[in-house]
Structures are given as structure tokens and as C-alpha cells.
Amino acid sequence: MKRISLSEYLLQQERTQGGVGMHLRQLIESVGQSCQSIAHAINQGALAGVLGGAGSDNIQGEAQKKLDVISNDLMMQATEWGGSLAGMASEEMEHPISIASHYPKGPYLLVFDPLDGSSNIDVNVSVGTIFSILKCPAEADPTDEKVFFQPGVSQVAAGFVVYGPSTLMVLTLGHGVVGFTLDRQSGSWILTQPQIQIPEETQEFSINMSNRRNWPAPVVRYIDECLAGKGGVRGKDFNMRWVASMVADVYRILTRGGVFMYPADAKHTEGRLRLLYEANPMAFIVEQAGGAAINGHESIMDVVPKKLHQRQGVILGSKKEVELIGHYYQQHQ
Ligand code: F6P
């Protein structure tokens with residue numbers, strides 16, 4: 001069977017759907033290249049001395065791992081020179097990152113979490129990279145963080161990579177969701193999932209149960225009903241999974257359905273996950289795969305950001321389940 005590479009897929013999309021001009025193609029390919037370098041660094045692990053803490057904190061006050069810093073540098077270096085970007089912002093940097101003055105500028109903004117789930121690094125569990133691509137408004141100053149305050153519906157493309165047993169990239173350009181597997185021998189991303197679709201119903205949920213005492217009532221209700229199993233109102237048994245790497249949990253949901261929740265709660269009053277580079281790209285992907293993504297009260301992608309590192313409650317996955325949880329929030333109000 002003929003193998004379709006990421007470059008070929010992007011060209012095909014340009015020919016059939018339009019909208020994937022040279023700049024967007026170049027940018028996504030560069031992101032793919034930086035993720036290959038990140039995959040290599042993760043794979044080397046202790047052999048390359050990249051495990052453990054970096055001895056610094058990021059803007060959210062979280063202790064940075066060496067690989068957080070390495071991945072952030074690799075992503076910046078791979079993407080800034082190509083002439084596709086006006087600016088970028090990262091979980092690891094307090095302010096937007098300026099593109100070096102000697103590089104040409106382009107029309108896009110790149111927002112990313114270079115190493116999602118990095119607390120899993122030292123225990124050899126899957127981690128990932130999440131990215132979102134926005135248009136930079138004409139005449140706007142991309143070093144001003146306000147240019148990034150665009151709702152998720154404005155995203156041009158979004159994707160994530162899982163560094164797991166295989167290295168996988170999930171991508172949406174707004175016309176469905178596809179998946180690529182990294183062929184380490186040829187150094188190419190090969191299309192392996194031409195159409196990712198989330199089943200509408202599920203028997204699996206994903207939440208950090210240790211936060212139960214802090215959850216809002218609608219979440220307690222939904223989870224208690226799942227836990228009641230066959231004898232309860234849902235009339236079926238549910239299973240639970242929590243990897244604590246959003247990329248791995250969302251990839252599982254894209255593959256076999258399920259619902260992922262990190263709601264705003266009494267401890268994380270604005271939510272725990274970041275809107276611009278975690279919630280929005282994942283919401284775009286999940287909705288393009290036929291699922292739904294809400295913060296409890298509204299669609300995540302309708303939220304207009306007010307801060308670069310804004311947090312957000314996240315409930316996403318199989319459509320009927322997410323709608324049921326949204327209904328419980330409405331009833332509770
Ligand atoms: O910061 C993001 C993240 O690591 C996600 O990838 C993951 O879903 C979540 O945090 C895990 O949080 P906790 O450690 O509270 O379960």
C-alpha cells in the first residue's frame with residue numbers, strides 16, 4: 001500500500017480543500033520536525049542525562065523538568081526561521097516569544113505546550129506536545145499578548161503528539177481528524193489513521209478521583225451514576241482510566257470513546273488546564289472527530305481568553321456523555 005507522508009497529506013489537503021498555503025504547510029512540517037527531535041531526546045532518557053528537574057519554575061509556579069526546557073527550545077528553534085510565524089507563545093514562557101529580527105515574518109501565531117504531562121517523564125509513562133495555530137491579525141504587534149486572545153473557534157489548525165509505545169501525531173485542519181505515526185527509520189510522519197471518529201456513547205470515564213471532595217455537584221452526580229454501574233440509572237458498568245497525561249487520555253478517547261474531565265472545582269476555581277495550548281486545541285480536535293468539549297457552562301471554543309496562561313474547566317469526549325454532563329450543569333444552575 002502506498003504510504004502518505006505528512007507533507008503529501010498537507011499538499012493533498014491544499015488541492016482538495018484549499019486553505020493550506022505554503023506558510024501553513026511549512027509551519028506544520030516544522031512542528032513535526034521539532035517533535036521528532038523531542039521524541040529522540042525523550043527516548044534517550046537517562047542515557048542523555050535529560051531526566052529530572054531543571055531547577056527552575058515556570059510562570060505557573062510549576063517545577064520545570066529538564067525535558068520541559070529542552071522541548072521548549074527545540075520547538076522554538078525548529079519553527080522560528082521558516083518565515084511562517086509572526087509570533088509564538090509557550091506554556092514555559094511568561095510572555096509571547098519574539099521571532100529573531102533576522103528571520104522573515106509570516107501570518108501565523110503558534111501556541112504550544114512543549115511537554116504535556118511532564119510529571120510522567122521520570123516514571124517512563126507517555127507524555128506529549130500540544131499545539132494550536134492562529135492567524136495574526138494584520139498590523140497587530142505579535143509581541144503584545146493580546147493578539148493571542150482569540151477564542152478556540154478561530155484556530156486554523158491544531159494537533160498533538162504522543163510519545164508512547166509509538167510516536168503519534170493527531171492533526172486537524174478543520175476538516176476532520178487524522179493521525180500519523182513516526183517512522184523512525186525514514187524520519188517521516190506516515191498517515192496511519194485517515195479518519196478519526198469518536199464513538200457517541202461510552203462506558204469509560206477519565207478523571208482524577210482524588211479531587212472528588214472538591215468537585216462541583218454536576219460532576220459528582222455524573223461520576224456517581226457511572227460508579228453505580230448496571231444496577232444504577234445508567235444501567236451499565238463503566239470503566240475508569242487516568243494516565244495524567246492529557247495527550248494519552250485524549251488519544252484513548254479518540255480511539256475508543258470516553259469522557260475526559262478536569263473541571264473547575266473548589267480547589268482549581270478556574271480549572272487546572274490551560275485554555276490556549278491545552279483546552280482549545282484538544283476541543284478543536286475532539287469536535288472535529290465528532291465529539292464535544294465544554295467547560296460545564298459553555299463550549300470551550302467560545303471562551304474569549306483574557307490572559308495568556310488562562311486556565312479552564314475541561315469536559316470533553318463522546319458527544320452524548322458530554323451533553324449529559326452539560327445538562328446536569330444546567331439543572332444545577
Ligand atoms: O498540566 C497538564 C497535565 O499534566 C495534563 O496532561 C494532565 O491531564 C493533568 O495535568 C494531570 O493532572 P493531575 O496531576 O492533577 O492528575
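Trainee: How many residues lie between β6 and β7 in their hairpin?
Mentor: Happy to start there, and keep in mind that this is a predicted model. Strand β6 (residues 157-163) and β7 pair in the antiparallel sense over six bridges, and Val161 stands opposite Met169 in β7. The number of residues between β6 and β7 in the hairpin is three.

Trainee: Which residue takes a positive phi in the hairpin of β7 and β8?
Mentor: Follow β7 onward to strand β8 (residues 177-183): the two run antiparallel and are joined by five bridges. Thr172 has Val177 as its bridge partner in β8. This hairpin has four residues between the strands, and the one with a positive phi, near 95°, is Gly174.

Trainee: Which strands stand at the edges of the open sheet?
Mentor: Seven strands form this sheet, in the order β3-β4-β5-β6-β7-β8-β9, with mixed pairing. Each edge strand has a single partner, so one side of each is left without a neighbour in the sheet. The edge strands are β3 and β9 (188-193).

Trainee: What is the bridge partner of Val127 in β6?
Mentor: Here you need the pairing of β5 with β6, which run antiparallel and are joined by seven bridges. Find Val127 and step across to β6; the partner is Tyr163.

Trainee: Are α2 and α3 roughly parallel or roughly antiparallel to each other?
Mentor: Helix α2 (residues 22-44) and helix α3 (residues 66-80) pack with their axes 8 Å apart, at an angle of about 150°. Their contact includes Leu27, Val31 and Ile38 of α2, along with Leu67, Ile70 and Leu74 of α3. Angles over 145 degrees count as roughly antiparallel. The two helices are therefore roughly antiparallel.

Trainee: How many residues apart in sequence are the parts tied together by Lys65 and Asp122?
Mentor: The side chains of Lys65 and Asp122 meet in a salt bridge (3.1 Å, N to O). Lys65 lies in strand β2 (residues 63-65), whereas Asp122 is in the loop between β4 (108-116) and β5 (127-135), so the parts they tie together are separated in sequence by 57 residues.

Trainee: Are Glu91 and Arg274 buried or exposed?
Mentor: Their side chains meet in a salt bridge (2.8 Å, N to O). The pair links distant parts of the chain, with Glu91 in the loop between β3 (85-90) and β4 and Arg274 in strand β13 (residues 273-274). Both Glu91 and Arg274 are buried.

Trainee: What is the relative accessible area of Glu321?
Mentor: Glu321 forms a salt bridge with Arg234 (2.8 Å, N to O). Glu321 belongs to helix α7 (residues 319-332) and Arg234 to the loop between α4 (217-227) and β11 (239-240), so the pair ties together parts 87 residues apart in sequence. Glu321 is buried, and its relative accessible area is 2%.

Notes:
Residues numbered from 1 in each chain as written. Predicted model: local features only at pLDDT ≥ 70, side-chain atom pairs only at ≥ 80, totals over all residues. Heavy atoms only, no water. Salt bridge = Lys/Arg side-chain N within 4 Å of Asp/Glu carboxyl O. Buried < 20%, exposed > 50% of the residue type's maximum accessible area, 1.4 Å probe, protein only. Pairing = 2+ DSSP bridges. Axes fitted to C-alpha atoms, helices over the stretch in contact; angles between N-to-C directions. Parallel < 35°, antiparallel > 145°, perpendicular 65-115°, else oblique. Contact = heavy atoms within 4.5 Å.
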